[in-house]
Protein chains: 2
Amino acid sequence: MGHFVKTIFAVIATSTVSFAYAGTAEDIAARVETFEAAFNSGDAAAVASHYTTDSALLAPDTARIDGREAIQGLWQAYVDAGVVDLKLTTVDLDDLGGIANEIGTYTLTAPDGNGGMVQAGGKYIVVWKADDSGVWHLHWDIWNSTP
Amino acid sequence: MGHFVKTIFAVIATSTVSFAYAGTAEDIAARVETFEAAFNSGDAAAVASHYTTDSALLAPDTARIDGREAIQGLWQAYVDAGVVDLKLTTVDLDDLGGIANEIGTYTLTAPDGNGGMVQAGGKYIVVWKADDSGVWHLHWDIWNSTP
């Protein structure tokens with residue numbers, strides 16, 4: 001009987017986890033796209049809605065920011081500063097079942113301070129978290145620049 | 001019988017996961033300490049040994065670096081540049097069972113380019129991975145500065 005239970009246990013455990021998050025990569029890719037579109041349309045509130053309510057944002061040269069509302073403020077500042085054409089690319093995605101760790105790269109275009117525009121880019125890590133209905137949100141978000 | 005199996009399944013699942021990683025926070029704290037000590041003694045090879053062999057390092061203003069050997073090179077460059085007094089502080093640790101996500105802060109002292117030294121600091125995210133014998137290694141490592 002013991003062997004039978006163990007097998008059932010193993011099957012249930014594996015199948016439950018994989019079924020629940022079969023579409024993680026696709027779901028997160030879709031969220032990255034709507035995040036990008038929200039920023040490129042200048043909608044900082046929509047960008048912030050992609051974060052968990054208790055998220056942490058670790059932006060370069062800025063103190064850590066906690067919570068969706070405060071995070072919206074930073075994205076609004078980037079919109080107000082004239083940053084445009086944000087492009088996000090997932091490079092690595094580690095699906096841990098309810099949490100997913102992502103490494104990605106970004107490019108953007110920003111004012112160069114002399115009336116012109118300049119392209120910049122870098123790399124990031126996002127820790128994603130699925131809510132009870134399976135919608136993924138950014139929980140931890142950090143990035144830095146690449147020359 | 002079904003109810004009995006479910007309870008057993010729940011008990012096995014919970015206890016196995018928590019037993020395997022009961023000491024995660026302590027184990028990772030110890031690794032952070034030996035990482036810090038290795039750097040502060042100028043031993044880049046010992047620093048690099050804290051990373052998984054297929055780790056990714058995302059340092060500011062530097063292209064992504066993959067693999068323990070290449071990562072050692074960057075830490076050697078920091079040693080050679082005269083960076084000292086590295087202090088790491090874990091702020092958040094999310095134990096996912098075999099993987100642990102950490103947010104931390106750091107301070108260090110570095111040459112100011114004019115013959116003096118200056119203190120700097122910032123924040124980081126490390127994705128830790130436990131190897132088969134339960135030893136934790138940095139798998140993904142990214143940081144940026146805080147003014």
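Predicted model: local features only at pLDDT ≥ 70, side-chain atom pairs only at ≥ 80, totals over all residues.
The contact between the chains draws on 31 residues from chain A and 31 residues from chain B. The size of an interface is often given as the accessible area lost when the parts come together. For chain A and chain B, this buried area is about 2,700 Å², and carbon and sulfur atoms contribute 73% of it.

Polar and charged groups also meet across the interface. Between chain A and chain B, 13 residue pairs are in polar contact, with both residues at pLDDT 80 or more. The interface also contains 2 salt bridges. In a salt bridge between Arg64(A) and Asp92(B), the closest N and O atoms lie 2.7 Å apart.

On the side of chain A that touches chain B, two or more residues come from each of helix 1 (2-20), strand 1 (51-58), strand 3 (84-95), strand 4 (99-111), strand 5 (117-130) and strand 6 (136-145). Strand 6 of chain A gives the most to this side, with 6 residues. Sorted by class, the side of chain A that touches chain B comprises 19 nonpolar, 5 polar and 7 charged residues.

Within chain A, an unreviewed UniProt entry places the feature "domain: DUF4440" at residues 28-137.

Phe35(A) and Trp75(A) form an edge-to-face pair, with 5.3 Å from centre to centre and 85° between the planes. Because Phe35(A) lies in helix 2 (residues 24-40) of chain A and Trp75(A) in helix 4 (residues 68-80) of chain A, the pair ties together parts that are 40 residues apart in sequence.

Note on methods: Residues numbered from 1 in each chain as written. Chains lettered and ligands numbered in written order. Heavy atoms only, no water. Contact = heavy atoms within 4.5 Å. Buried area = accessible area lost by both parts, 1.4 Å probe. Salt bridge = Lys/Arg side-chain N within 4 Å of Asp/Glu carboxyl O. Polar contact = N/O pair within 3.5 Å; in protein donor to acceptor, adjacent residues only side chain to side chain. Helix = DSSP H or I, 4+ residues; strand = E, 2+ residues; numbered from the N terminus. Nonpolar A, V, L, I, M, F, W, Y, C, P; charged D, E, K, R; others polar. UniProt positions renumbered as here; feature names shortened; annotations may be inferred. Phe/Tyr/Trp six-rings, centres within 6.5 Å; stacked < 30°, edge-to-face > 60°.
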